[in-house]
Amino acid sequence: MIRNEVIDSLMGRKSIRKYTDQIPSEEEILTVVRAGQQAPFAMQLGSVIIQRNPETNTFNAPVQFIILCDIHRMEKVMEARGWKREASNIHSLLFGVQDAAYMAQNMVTAAESLGMGSCYIGVAPYMSEKLRQDCNLPDHVFPLVILTMGFPAEDPPVRPRYPVEFHLFEEKYPEFTGEMVNRAMDEMDRGYLEQDYYRKANFMIPLADKSQEEKFTFDNYSWTEHISRKTAQWNRDPEDILKLLRICGLSPTE
Ligand SMILES: Cc1cc2nc3c(=O)[nH]c(=O)nc-3n(C[C@H](O)[C@H](O)[C@H](O)COP(=O)(O)O)c2cc1C
């Protein structure tokens, strides 16, 4: 693999969940957000709200950004041009999610280059109602994710990833063999076990079916079981997310 400063920074990044009290300067914050703005975009549908209260920010981070999928601003520009959005909400959302996410990830990389760390917090959509009130969000703005940021007060190891051949497919999508799946699972599970990740976090997702006996301990509970339990047991009702989108005026069937 080729190495240079940019690649090394990308390969060495890890989510940071503990921060020093040092407050990023206005120049650092502006630099991070400008680098975010410069991400590729479909329609510039990403916006960010900065929150600067460590007492209320997740992980007491000195700053956090609410990353917004912002279709309202596009409509303002269109209105000034005498147009009205007729593109469906699902279309606008699909591109809005991308614009906002690429912007956020540029901010992550820029922060890293300035010696800062960050962590995404996925609960934002589920806080839509509160965030609409707290942050004055108009209709057609959807809170996608929170991004905490500041100077690291921890130095966790780089977390494992699937082997590259489990992510990169040459021309055609492969038929996964049991061996490929096992190798990829092993890479992830061994990686997280070596870091004692779930024991240190003291967290194991409980089995929803109480009649099932828990067979895992922190000696063998690892990422593939964790992620499977999430996706097998949680977020089953599509109404949960549809309701949130409707609250934001973005019903995906309109
Ligand atoms: C959309 C999204 C939501 C996330 N939500 C959370 C979260 O709620 N809490 C948390 O501690 N980490 C969260 N993360 C961070 C991931 O746990 C982390 O990126 C992943 O475990 C890989 O670790 P690394 O970033 O250190 O490589 C989230 C990441 C993404 C992209």
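Which strand gives the most to the shell around the ligand, and with how many residues?

Analyst: Strand β3 (residues 117–121) gives the most to that shell, with 3 residues. Strands are DSSP runs (E, at least two residues), and helices are DSSP runs too (H or I, at least four residues), numbered from the N terminus. The model is predicted, with local features needing pLDDT of at least 70 and side-chain atom pairs counting only at pLDDT 80 or more, while totals for chains, interfaces and linings use all residues. Residues are numbered from 1 along each chain as its sequence is written.

The residues around the ligand are Lys14, Ser15, Arg17, Cys119, Tyr120, Ile121, Gly122, Val123, Val145 and Arg159. A residue is near a molecule or strand if its C-beta atom, placed from the backbone, lies within 6 Å of it. By class, the shell holds 5 nonpolar, 2 polar and 3 charged residues. Here Ala, Val, Leu, Ile, Met, Phe, Trp, Tyr, Cys and Pro count as nonpolar, Asp, Glu, Lys and Arg as charged, and the others, Gly among them, as polar.

Now to the sheet. Strand β3 belongs to an open sheet of 4 strands, in the order β1-β2-β4-β3, with antiparallel pairing. Two strands pair if DSSP finds at least two bridges between them. Because β1 (46–51) and β3 stand at the edges and each has a single partner strand, one side of each is left without a neighbour in the sheet. From one strand to the next, the twist averages 25°; axes are lines fitted to C-alpha atoms, for helices over the stretch in contact, and angles run from 0 to 180 degrees between N-to-C directions.

The partner of β3 is β4, to which 5 antiparallel bridges join it. Isoleucine 121, one of the residues around the ligand, stands opposite isoleucine 146 in β4. Strand β4 (residues 141–150) has 9 of its 10 residues buried, so it is largely enclosed by the rest of the structure. A residue is buried if 20 or more other C-beta atoms lie within 10 Å of its own, exposed if 12 or fewer, and partly exposed in between, with C-beta atoms placed from the backbone.

β4 also pairs with β2, in the antiparallel sense, over 8 bridges. Valine 145 in β4 stands opposite isoleucine 67, and Val145 is also among the residues around the ligand. Strand β2 (residues 63–70) is in turn joined to β1 by 6 bridges, again antiparallel. There isoleucine 49 has isoleucine 66 in β2 as its bridge partner.
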